[in-house]
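Trainee: Please take me through one part of this model in detail. I would like the open sheet and what surrounds it.

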Amino acid sequence: MPTITTNSGSDILGRYYTRSEISSFLVEQFDITSPVRLLDLGAGSGSLSGAAKTRWPEIKVLTVDIDPEVELPNISAGRTSVDVFHEHFVIDALCEDLSTVLDCANAPIDVAVCNPPFITPKWRNEFTAILEDAGFNDCLPFPSDVDAGLLFLAQNLRLMSEGATLGIILPDSLITAKKYKKFRSVLINSYAVTKVIQLPRGSFHHTDALASIVILQKTKKHQDDVRIYCLARDKTLSEPLFIDVLHASERLDYAFHFERIKAAITTCKTTYLRELASDIKRGSLSSSQMKNANFPVLHITDIKEKDIGKWLDFSAYSAKTSHDYPFYVKAQPGDILISRIGRNLDSKIVGVKAGTFAVSDCIYVIKCLPHVREHVLAQMASREGRDWISAHAYGVAAKQLAKKELVTFPVTLD
Ligand SMILES: C[S@@+](CC[C@H](N)C(=O)[O-])C[C@H]1O[C@@H](n2cnc3c(N)ncnc32)[C@H](O)[C@@H]1O
């Protein structure tokens, strides 16, 4: 067993098990439909892997825990005695050659869940290799004082196959502490961080610790922003905040950015559309799909220049039931619509007063936080706003407005 120093008052192995509803919630955050092999490092009694097993009954589960006493009642249940669906290893998850023990080269891991121990293990030389392989070696000011959360994250990333997805619970220190700023920057720039969800206190047994779920993929993908959410005590999930990578490196917690954006709003500072919009999507129907659709679809020709800046009733475009087009991007009351393409795209900017309807792929649907919608529409449709949009569109004849430009539209709130 490794020598361990603990955070004050903590269990020596950081055994703060995840409440079952949080485990199910974490597993619901994955977009994958049928993963093959799941890893759970520091599995404890299997709260996370048990939830994964409930979602994907056929998945092969590998659990690892240093504590020989743990029992995993929820994972193997219902299977034969020779359990091909579950293997458990009593071993230190932070040993350098864990990949060989788990046979990752021959049987790749495509999904991982993890709630690491809430401790600071005594530094060992093999941690350097683990951190190096994951790309985190240069970003730690005090390598002798590293949260187990960071080591478990790095170890997961080493063991997972390329493109695999990890859902990990990270302590608030890694999410907010200044000393981990460089780590956050490397994390966001080296991996695809899909979402960060701040959890309510009381999400774990026997501790009030603050933590966040981070969902990420082992793949290098450029990202302009990170989606940060907050889960309330009553288990309702907030709308996301879209935080640009610089601010996200500063901190990754919802509460901080929510207050920062609110302060910017109340002190009349200029902020960017991406900070005020909970979602910006391009419509999903191409012109040929529109022609064949058996339901109405709003296209740019349906947005009249004379209506710029107005909140309009589009109920005539609503399909009879929303089941008619479940997979298409839809506009709803409160959304702002702007043309993505066209010579006069800067004059096709309207709000939706009524109607829920599909839109063509020539239109962006912008969902803004309720208290800023009016400001956003008014400023996009103002003379200055239109000039900005024209200047940021590209193309000689039919102009196009890229989403990466649109999200930087400046909004001043008073
Ligand atoms: C915070 S608990 C989480 C347990 C479980 N995953 C859950 O979510 O309920 C951390 C677990 O990591 C285990 N652990 C601590 N240090 C470890 C190490 N070096 N290697 C493997 N497991 C370890 C503890 O025994 C404990 O079960």
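Mentor: What follows starts at the sheet and then moves out to the domains, the ligand and one glutamate.

This is a predicted model. The sheet is open and has five strands. Read across, the order is β13-β20-β17-β18-β15. Pairing is mixed. At the edges sit β13 (277–282) and β15 (311–313), and each of these pairs on one side only. On average, neighbouring strands are turned by 30° against each other, direction ignored.

Strand β17 covers residues 336–339, and strand β20 covers residues 363–368. The two run antiparallel and are joined by four bridges. To find one of the pairings in the model, go to Ile336: its bridge partner in β20 is Ile366.

A helix covers part of this sheet. Helix α13 (residues 373–381) packs on the sheet. The strands that α13 touches are β17, β18 (349–354) and β20. The direction of α13 makes about 20° with that of β17.

Next, the domains. The assignment for the protein chain gives domain 1 as 4–267. Domain 2 is given in pieces: 275–282 + 299–314 + 327–412. The C-alpha centres of domain 1 and domain 2 lie 37 Å apart. Their contact takes seven residues from domain 1 and seven residues from domain 2. On the domain 1 side, β11 (241–244) and α10 (254–266) each supply at least two residues. By class, that side has five nonpolar and two charged residues, with no polar ones.

Then the ligand. The shell around the ligand holds 23 residues. The closest are Tyr17, Thr18, Gly42, Gly44 and Asn115. Two elements give two or more residues to this shell: α2 (47–55) and β3 (60–65). The shell divides into 13 nonpolar, six polar and four charged residues.

Last, the glutamate. Glu87 lies in strand β4 (residues 86–90). For a sense of scale along the chain, compare Glu87 with Asp234. The two are 147 residues apart along the chain, and their C-alpha atoms are separated by 35 Å.

How values were computed: Residues are numbered from 1 along each chain as its sequence is written. This is a predicted model: local features need pLDDT of at least 70, side-chain atom pairs count only at pLDDT 80 or more; totals for chains, interfaces and linings use all residues. A residue is near a molecule or strand if its C-beta atom, placed from the backbone, lies within 6 Å of it. Ala, Val, Leu, Ile, Met, Phe, Trp, Tyr, Cys and Pro count as nonpolar, Asp, Glu, Lys and Arg as charged, and the others, Gly among them, as polar. Two strands pair if DSSP finds at least two bridges between them. Axes are lines fitted to C-alpha atoms, for helices over the stretch in contact, and angles run from 0 to 180 degrees between N-to-C directions. Two residues are in contact if their C-beta atoms, placed from the backbone, lie within 7 Å. Domain bounds come from an automatic or database domain assignment.
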